[in-house]
Structures are given as structure tokens and as C-alpha cells.
Amino acid sequence: MSKTIGIDLGTTNSVVAVMEGGSPKVIPSSEGKNTVPSIVEPAKNLVGEVAKRQMILNPTNTVYSIKRLMGRKISDRQVEKTKKLAPYAIVAGKNNAAAVKIGAKTYTPEEISAKILQKLKTDAEAYLGEKVDKAVITVPAYFDDAQRQATKQAGEIAGLTVERIINEPTAASLAYGLDKKTNQTIAVYDLGGGTFDISVLEVGDGVFEVKATGGDTFLGGDDFDHKIIEWITSEFKKDNGIDLTSDKQALQRIRDAAERAKIELSSSQDSEINQPFITQGKDGQPLHLTMKLTRAKLEELVDDLVQRTLGPVKAALKDAKVEPKDIHEVVLVGGMTRMPRIQKLVKDYFGRDPHKGVNPDEVVAVGAAIQAGVLAGDVKDVLLLDVTPLTLGLETLGGVRTPLIDRNTTIPNQPQVEIHILQGEREMAEGNKTLGRFVLDGIPSAPRGTPQIEVTFDIDSNGILNVSAKDKGTGKEQKITIKNATNLSDEEVEKMKAEAAAHADEDKQKKERIEAKNQADAAVFEVEKQLKEHGDKLDKKDKEAIEEKVKTLKDLAGKDAASAPDLKKATEELLTASQKLGEIVYKKTEEEAAKAEGTKSDNKKSDSSSEASAKDDKKGADVEEGEVVEE
Ligand SMILES: Nc1ncnc2c1ncn2[C@@H]1O[C@H](COP(=O)(O)OP(=O)(O)OP(=O)(O)O)[C@@H](O)[C@H]1O
Ligand SMILES: [Mg+2]
């Protein structure tokens with residue numbers, strides 16, 4: 001049975017892990033790193049490190065932080081915010097879902113994410129030496145239904161059966177608590193590139209019970225970077241009177257520099273920001289960007305963001321009915337928690353030093369791998385009880401929202417109810433997000449209030465909502481699956497899946513062709529070199545035969561249409577022919593050497609010392625053998 005991989009599909013970085021010999025292991029990427037930048041250049045099909053490397057020169061075609069658009073409408077306030085900041089175009093796709101436009105082509109966030117997942121899948125296959133088609137993928141605990149469905153669809157497009165979607169902090173707790181025997185209440189504080197998550201759990205002896213979860217799907221490292229970018233550009237404008245925010249390339253360089261400065265300031269007190277030739281002055285002279293950012297200034301710039309994480313923390317603790325002092329351990333997850341100011345905030349609030357034992361970049365993927373192991377039966381005696389992140393409710397008379405399943409209710413849960421399905425925390429129906437509306441027909445007319453429709457909310461273990469309805473009067477049942485308007489239809493998923501698979505083939509062929517061509521070029525180079533050096537030792541006929549093969553291969557390698565098998569065949573033929581060249585050259589050289597030996601034998605002793613010692617060695621070997629004979 002093929003293995004199920006665990007994937008942390010992050011806003012900034014993605015990680016894949018797998019259970020190996022009973023313990024979780026992070027799989028290194030083909031570039032040899034444990035994390036893969038969640039960056040895609042879709043037109044050229046570049047993903048990860050290679051996409052990141054060309055981002056500064058190609059900002060409008062390079063997509064980063066796609067997770068922020070997953071399952072969101074174009075009119076979403078957060079999407080509007082991202083649109084202003086992102087160098088790539090964000091447009092309205094089908095059903096007014098947010099999409100990105102690169103060149104003439106529009107890509108859904110699911111497709112872009114699928115490219116990242118596909119790379120992780122390929123890297124895992126290379127590492128494991130077998131096909132991989134199943135995965136557990138993590139999402140922020142605070143992701144809503146549409147965002148979860150979008151993530152699942154991204155997996156499907158990448159050719160992965162998504163066995164389970166699990167919450168990132170829950171995954172982190174699995175990795176943290178797998179070997180904890182005694183019960184403890186922990187908090188997982190996860191501040192990543194795009195999202196903030198907080199979960200309170202009871203962990204111990206194989207049971208992982210989420211007590212409450214909270215967060216903000218639009219609070220992460222990206223926002224810290226933007227604060228620095230704003231500061232840099234406004235300072236620059238003050239000094240030079242030039243607004244850099246409309247220059248996409250300059251802005252991309254500044255974004256890069258801002259993130260680097262932020263990271264540097266986690267370990268030092270100040271950081272130099274240096275970007276020469278960032279733009280031109282009014283009279284055409286080059287302008288450089290040189291600034292100094294101190295840790296104190298950074299902390300001042302991002303203070304509101306840091307404080308903002310406390311809101312969800314307090315709410316989650318309240319929902320879990322615990323006080324900060326009841327928390328035995330605070331587990332820090334996400335790259336942003338390396339920031340000293342964040343660590344201080346956590347320490348001050350909980351009154352204890354955060355736990356240092358887990359790798360904040362890898363722990364989520366490790367937890368996903370453990371969950372995959374649980375599903376496959378490789379990891380035993382683990383019970384995971386998660387909760388609904390947001391209240392599920394419905395509109396009742398007068399536009400009022402009536403909560404049905406309160407947030408932080410243990411999944412699965414199936415109460416019985418009636419129609420317009422809402423997700424969110426607002427009291428009035430209109431303040432919440434519509435997940436779906438039911439039109440259940442065929443109900444016999446009856447006095448007002450008489451028909452009873454039993455609606456079943458079925459949250460599967462992925463946290464994805466399925467709703468079915470039954471008319472209690474007639475017993476007629478209709479199963480209606482809630483499809484969020486921003487999500488893709490099954491056909492669309494199938495189509496994208498096929499496209500992705502087709503590209504996978506195409507890419508594989510391309511790669512094989514490039515490899516074959518490289519080998520052909522190398523063979524031509526090698527044989528031509530030998531011919532130049534030793535060609536005169538060959539018979540004219542033999543030499544011509546080899547030259548003929550060289551020419552054939554050279555011509556073939558020069559053609560774009562040449563296939564990998566053809567190139568391989570011609571290369572092999574040339575190599576076979578040149579073996580003969582090698583033999584002849586070798587034989588001729590030996591003959592000549594023998595001849596030379598005969599004429600030069602008297603001079604041998606005065607030859608270079610290295611040759612002399614080589615000869616001595618040989619003699620030594622002979623003597624040893626000789627000694628045995630003598631005995
Ligand atoms: N030493 C550091 N100091 C401060 N920030 C850091 C450091 N290292 C990484 N970061 C920041 O952490 C963020 C990335 O964190 P991480 O890889 O955990 O995010 P992610 O998992 O991709 O995102 P999310 O979980 O929100 O989807 C980036 O904003 C990065 O700049
Ligand atoms: Mg993360």
C-alpha cells in the first residue's frame with residue numbers, strides 16, 4: 001500500500017513529511033531543503049526555490065501567498081487589501097471567486113496551490129522511491145468551509161486523494177504530545193506568514209482534545225513585512241520626493257529587503273537595508289536605498305499587529321474555560337514566533353517561558369504525517385477530537401441568526417434544524433456568510449408552522465460541511481450537499497486535475513529530453529576531443545565512421561523536435577563506435593610505449609622520481625609474491 005504523506009501547505013513555506021519506521025520524518029525537497037517556498041510562476045511552471053529566485057525580476061508573473069485568496073470572493077475585504085499590495089493581478093474568476101491573472105491566463109487559487117502540492121508530491125515520490133497519491137493536508141484552524149473545500153480541491157487537482165484535512169495547531173499538538181504520558185493543558189500559538197491560530201488542547205496518553213480554537217486568517221508575517229515596506233517607502237519619499245509604491249520591480253526588491261531585515265532583527269539589534277539603484281532621480285541620476293532599521297523601531301511599527309494576536313488568545317481561553325495560569329505549556333509554531341517581541345508577549349501573557357522543543361517550521365507537517373499514520377493504522381492509540389472553529393447557524397424569522405452549532409463544539413455533531421445556512425459570529429443573519437440556501441420542494445401545503453423539516457448538519461472530520469434535509473411530514477428525504485459559491489464544480493476539479501496531470505507528463509518528457517540532450521552534447525564533446533588528440537592513430541575508414549556518428553548526433557541534438565529515445569539511441573551508437581576508438585588509441589599508445597621503452601631503457605633510472613617510485617612499488621609487489629614462492 002502506498003504511503004500517505006502529511007503536508008503543511010503554508011502561506012510562505014510548505015513542508016511535506018511521512019512516517020518512516022514508526023517515526024515522522026520531514027522529506028527534503030529536490031533542492032535539499034526541508035521547506036519549500038509557496039511561490040509559483042505558473043506560466044513557466046516554476047515552483048518553490050526556483051520561482052523565488054526569479055521573483056524580483058519577474059514580480060508581476062510570480063504568485064506568492066496564494067493561501068490568502070483560497071476560498072474567498074473578489075469582494076472580500078481582505079482580498080481587496082491584498083489586491084492593493086500584490087504585484088500580480090488579482091481578478092474576479094468564476095462565481096466572483098478571487099483568482100490571479102498571469103499574462104492572458106486566469107488561474108484559480110486552487111490551481112496555484114495545486115502546483116505547490118504537486119511539487120511536494122514529486123519530491124516525496126523521489127525520496128520514497130514509489131508513487132504517492134494520498135495526503136493529509138493542514139489548514140489554519142480558523143479556515144471556514146469554503147477555504148477548507150478549496151484546499152481539498154487543490155489536493156485533488158494535484159492528483160492527491162485528500163484523506164483528511166486537519167487544523168494546523170492540532171497537527172502541531174500531535175507532534176508535540178505524541179509521547180506525553182500525563183495529561184496537560186497546552187496552548188499552541190501559531191503565527192506564520194499569513195495566518196494566526198491559537199488552540200487550547202488537552203493532551204496526554206494518546207488523547208488530543210481540542211478545547212477551543214481561535215485566530216485570524218489575515219494576520220501573519222506578510223502584514224509585518226507590509227509595515228516595514230510602508231515605513232521604507234515613506235522615508236524614501238520624504239528624502240527624495242519619489243513614490244516607490246507604483247514601481248513594481250522596486251517594490252518587490254523592497255519587500256524582499258523588508259523581510260530580510262525583519263528576520264535579521266530577531267537576532268540582532270539593527271539591520272542595514274541596502275538596495276542600490278532602486279530608481280532614478282528627477283534629473284536621471286541613480287538613487288540608492290540605504291536605511292537602518294533598529295529592533296526598537298521595528299517593534300514600534302508592528303506593535304498593533306503583535307497586540308492583535310492577544311484578542312483571539314483571550315477568546316480561545318475563555319471558550320476553553322481556562323485561565324492563562326492553567327496552561328502547562330505554550331507551544332510556539334510558525335516562523336514569526338522567532339521574533340523576540342512575540343516571545344515576550346507570550347511569556348508576559350501566560351507567565352511562563354514558551355516551550356522550545358519543537359521546530360516551528362516543521363512541526364505542523366510532522367503532525368500531519370502522524371495523522372496520516374493514524375489513518376493508515378501505523379500509529380496506534382491516538383484519539384483526536386477537534387472542534388468547529390466558527391458558529392454554524394441559520395436565519396430565522398425577522399432576519400435573526402440563530403446559532404445551531406456553537407463555535408468550539410466537538411466534531412462530529414449532528415443537531416436537527418431548518419433552512420438558510422450561515423457561518424459566522426454576527427447576531428444578525430446578514431452579518432454572516434451564507435453557506436447555502438435550501439429549496440426543499442414537494443412539501444404538502446399545511447398551516448403555517450406545521451411542516452417540520454429536519455436538517456442534518458454533518459461536519460465530516462475534515463471540518464467540511466454536508467447538509468441533508470428531510471421533510472418529517474412525508475418522510476421524503478433530500479440530500480443536498482452544500483457547495484460554496486466560490487468553490488469549483490466537480491467537473492472543473494476534474495478538468496484541472498487532467499490539466500495538471502497532462503502537464504506532469506509534458507514536464508517529465510521535457511526533463512527527459514533535456515537530460516538526453518545533455519548526455520548527447522557531452523558525448524559529442526568527449527569523442528571530438530579524443531578524435532582531435534588521437535584521430536591520427538586511426539585508420540582513415542574507422543575515423544570517418546566515427547566522424548559520421550558524431551555528425552548524426554550533433555545534427556539530432558540541434559533539433560528541438562528530437563525525442564529523448566532518439567537522442568539516447570544516437571548517443572549510444574556514438575559511444576559504441578568511440579569505444580573502438582578508445583581501444584585503438586589504447587593499443588597504439590601501448591605499442592608506441594613498448595617501442596619507446598626498448599630504445600630508452602638505459603635512461604630509465606634518471607627519470608622523474610614519481611615514475612621511479614611507481615616502478616619501485618611494482619617491483620615491491622613482485623617481490624612479495626616472489627617471497628611466497630621462495631618459502
Ligand atoms: N527568524 C525570524 N524572525 C522573524 N520572522 C521570521 C523568522 N523566520 C521566518 N520568519 C517569518 O515567518 C513567516 C513564515 O512563517 P511560516 O513558514 O511558519 O509560515 P507559513 O506556515 O508559510 O504560513 P501560514 O501558517 O500562515 O500559512 C514569514 O513571514 C517569515 O518572514
Ligand atoms: Mg504555518
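This is a predicted model: local features need pLDDT of at least 70, side-chain atom pairs count only at pLDDT 80 or more; totals for chains, interfaces and linings use all residues.
Which residue of E2 stands opposite Leu9?

Residues are numbered from 1 along each chain as its sequence is written, while chains are lettered from A and ligands numbered from 1 in the order in which they are written.

Back to the strands. Ser14 in E2 is what stands opposite Leu9. Helices (H or I, at least four residues) and strands (E, at least two) are DSSP runs, numbered from the N terminus. Strands pair if DSSP finds at least two bridges between them.

Start with E1, residues 4–9. E1 pairs with E2 in the antiparallel sense, over four bridges. The two form a hairpin, with three residues between them.

E2 covers residues 13–20. Seven of its eight residues are buried. Buried means 20 or more other C-beta atoms within 10 Å of the residue's own, with C-beta atoms placed from the backbone; exposed means 12 or fewer, and partly exposed is in between.

Next, E3, residues 23–26. E2 and E3 are antiparallel too, over four bridges. Met19 has Pro24 in E3 as its bridge partner. This is a hairpin with two residues between the strands, and Gly21 in the turn has a positive phi of about 55°.

E4 is residues 36–37, and it pairs with E2 antiparallel over two bridges. There, Ser14 has Val36 as its bridge partner.

Now the helices. H6 is residues 221–240, and H7 is residues 248–264. Their axes come within 9 Å and cross at roughly 115°. Axes are lines fitted to C-alpha atoms, for helices over the stretch in contact, with angles from 0 to 180 degrees between N-to-C directions.

Who makes the contact? From H6, the residues include Phe224, Ile228 and Ile232; from H7, they include Ile254, Ala258 and Ala261. Contact means C-beta atoms, placed from the backbone, within 7 Å. The contact residues divide into seven nonpolar, one polar and four charged. Ala, Val, Leu, Ile, Met, Phe, Trp, Tyr, Cys and Pro count as nonpolar, Asp, Glu, Lys and Arg as charged, and the others, Gly among them, as polar.

Last, ligand 1. Around it are 22 residues, and Gly10, Thr11, Gly192, Gly221 and Gly335 come nearest. Near means a C-beta atom, placed from the backbone, within 6 Å. The shell divides into three nonpolar, 14 polar and five charged. H7 gives the most to that shell, with three residues.

Notes. Two residues are in contact if their C-beta atoms, placed from the backbone, lie within 7 Å.
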